[in-house]
Amino acid sequence: MRAHPAGPLHGNISQPTAAGAPPADLGALDPHVWPRSAERIDGELHLGGRSVTELARAHGTPLFVLDEDDLRGRAADFTAAFDGADVHYASKAFLCGQVARWMAEDGLHLDACSGNELSLALAAGFPAERIALHGNNKSVVELKLAVDAGIGHIVVDSFDEIDRLLPLAEARVTAGGSPVPVLIRATVGIEAHTHEFIATAHEDQKFGFSLATGDALTAAVRITREPHLELTGLHSHIGSQIFDTAGFEAAAHRVVGLLGQLRQATGEVLPELNLGGGFGIAYLSEDDPVSPADVAARLQKVVAAECAELDLPVPRLAVEPGRAIAGPGTITLYEIGTIKPVRLGASGAPGTPLVRNYVSVDGGMSDNIRTALYDANYTCVLANRGSDAPPALCRVVGKHCESGDILVRDLWLPADVAPGDLLAVAATGAYCWSMASNYNYLLKPPVVAVKDGAATEIVRRQTLSDVFALDAVLADVPAPSPAPSQPAPEHPVGARS
Ligand code: LLP
């Protein structure tokens, strides 16, 4: 609750700005934060060999620009680091047909967390046997889809789900099919150091079977006795955007302990262990994520040591990175529409700026809810040109009807930024497009993949006609085209430019 006593100014504004001191070069592209192909040519930002001005002209703004080599390169980093393990791309971070195909081609597995993510992956031709289905409330329809498609694993999350799954599994076996392979999702009781809404393995939340109460063991024992289900392993996921590997290591330690308890109770030795995702990325220069190689080495070491201790064979490992594959390689391009200097007060602590420039862009919380929802921090730069202007304290906000519609809370931009300039926000590849909404009837932006000088629209911009089509009254009413402030693309979806 961020309420404060009524007054003309917000509670925290007399504090020194969280933007810190202005950086020496306001246009610098820290390779730690920006996509691998990001570069400035004559001051202008280029990605995948394409200028952002051209991309904005061809596809409109707001626009997600995805560096194909970055995304696939990070996937390859994980598969190399976890050699001998299965790397599942957590598709909730960002999924479309093209990404599903790239991940399939590159040998990854896929984590789907709804029937529709599963349907999309299957429709894109993703091999069913490399898909795992998650979810704390899978419906019978979703489970049937998974069972009929013959997916690799269903990650069972509750006793109700076991009851729902059994008749479907029995029907499959009766029809001559194989038992349904499942994992048990164990809640290992680790408090991950991340935002409360994205921590998932402490006791008081909705996912998984508690290890502490014995539910995880009870569920595992029950499933080993069901002839139509095949318990192939255990699963644990402790949260998201985590930098400290201690939590992953503690979780691995506990879940291997559960493998030991299960062997003691039933004699069964399970061959698989999925340790989930959650590996953090750098949104800001000061963020310090662990490399896939380091995470892999540490997890493999903990699992090997724990198995040796319990005299268990080392299971085949799996991990489920989403953000760490899709996040860093994508930027969002916005056009600035309005700049409003807001006086913060007559005086303040020494060094406290008295003016904050509200830089309004043509998207906002409908294409990036993360700042509003998780207090996430992003950085952005003036993208269409360089500038030598002095720094000005800015807040980049969207065009929604909410004062919490903030994209970048505090940062320094060149003082000469102006309406019509392009801003690029870094590291928006994960959980931005996938969490996009139509709030205020803004339309979902397109996603353009760039590589070696070519740009391909892999998801087209939503149109007002798409939205009208859902409306009982408006379905047949022609929508104005293009929708105000969101131009129609010059290129059809899938076309290369
Ligand atoms: N595996 C499971 C079972 C998960 O629940 C998740 C994420 C992942 C893997 C992938 O986590 P990642 O590697 O991407 O951190 N919307 C939030 C993040 C929610 C994550 C939900 N589960 C955000 O924008 O930060």
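These legends walk you through several close-up views of a predicted model.

**View 1**
Let us begin with the ligand, which is surrounded by 21 residues. The closest of these are Ser240, Glu320, Arg323, Arg370 and Tyr431. Sorted by class, the shell holds 7 nonpolar, 8 polar and 6 charged residues. Two domains contribute to the shell: domain 1 (39-66 + 329-468) and domain 2 (67-326) each supply at least three residues.

**View 1. Polar atoms facing the ligand.**
In Glu320, a side-chain N or O atom lies 2.7 Å from a nitrogen atom of the ligand. His237 has a polar side-chain atom 3.4 Å from a ligand nitrogen atom. Of the 590 Å² that the ligand exposes when taken alone, the protein buries 92%.

**View 2. A stacked pair of phenylalanines.**
The whole structure contains 6 aromatic pairs, and this view shows the one formed by Phe78 and Phe82. Their ring centres are 6.3 Å apart and their planes meet at 10 degrees, so the pair is stacked. Phe78 is buried, because its relative accessibility is 3%. Phe82 is buried too, with a relative accessible area of 1%. If you follow the ring pairs onward, you will find Phe78, Phe82, Phe248 and Phe279 linked into a cluster.

**View 3. Two tyrosines meeting edge-to-face.**
Tyr283 and Tyr378 make an aromatic pair with 5.1 Å between centres and 75 degrees between planes, an edge-to-face arrangement. Where do Tyr283 and Tyr378 lie? Tyr283 belongs to the loop between strand 12 (272-274) and helix 9 (292-310), while Tyr378 sits in the loop between helix 11 (370-374) and strand 16 (380-382). The pair therefore ties together parts that are 95 residues apart in sequence. Both Tyr283 and Tyr378 are buried.

**View 4. Ser51 and its partner Glu44.**
Strand 3 (residues 50-51) includes Ser51. This serine is buried, as its relative accessible area is 6%. The side chains of Ser51 and Glu44 are joined by a polar contact of 2.9 Å.

Now we turn to Asp111, which is part of strand 6 (residues 109-112). Is Asp111 buried or exposed? With a relative accessible area of 1%, Asp111 is buried. Its side chain makes a polar contact of 3.3 Å with the side chain of Lys92.

**View 5. Ile151 in its loop.**
Between helix 5 (140-149) and strand 8 (153-156) runs a loop that holds Ile151. The relative accessibility of Ile151 is 5%, so this residue counts as buried. Leu133 is 18 residues away along the chain, and its C-alpha atom is 7.9 Å from that of Ile151.

**View 6. A cis peptide bond at Pro62.**
Most peptide bonds are trans. The bond shown here, between Thr61 and Pro62, is cis, with an omega of about -10 degrees. You can find Pro62 in the loop between helix 1 (52-59) and strand 4 (63-67).

**View 7. Positive phi at Gln241.**
For most residues other than glycine, phi is negative. Gln241 is not a glycine, yet its phi is positive, at about 55 degrees. This residue is in the loop between strand 11 (229-235) and helix 8 (245-266). Gln241 is buried, with 13% relative accessible area.

**View 8. Positive phi at Asp375.**
Our last stop is Asp375, a non-glycine residue with a positive phi of about 60 degrees. The loop between helix 11 and strand 16 holds Asp375. Is this residue buried, exposed or partly exposed? Asp375 counts as partly exposed, because its relative accessibility is 36%.

How values were computed. Residues numbered from 1 in each chain as written. Predicted model: local features only at pLDDT ≥ 70, side-chain atom pairs only at ≥ 80, totals over all residues. Heavy atoms only, no water. Phe/Tyr/Trp six-rings, centres within 6.5 Å; stacked < 30°, edge-to-face > 60°. Buried < 20%, exposed > 50% of the residue type's maximum accessible area, 1.4 Å probe, protein only. Helix = DSSP H or I, 4+ residues; strand = E, 2+ residues; numbered from the N terminus. Near = heavy atom within 4 Å. Polar contact = N/O pair within 3.5 Å; in protein donor to acceptor, adjacent residues only side chain to side chain. Areas by Shrake-Rupley, 256 points an atom, 1.4 Å probe, with all protein chains shown as cover. Nonpolar A, V, L, I, M, F, W, Y, C, P; charged D, E, K, R; others polar. Domains from an automatic or database assignment.
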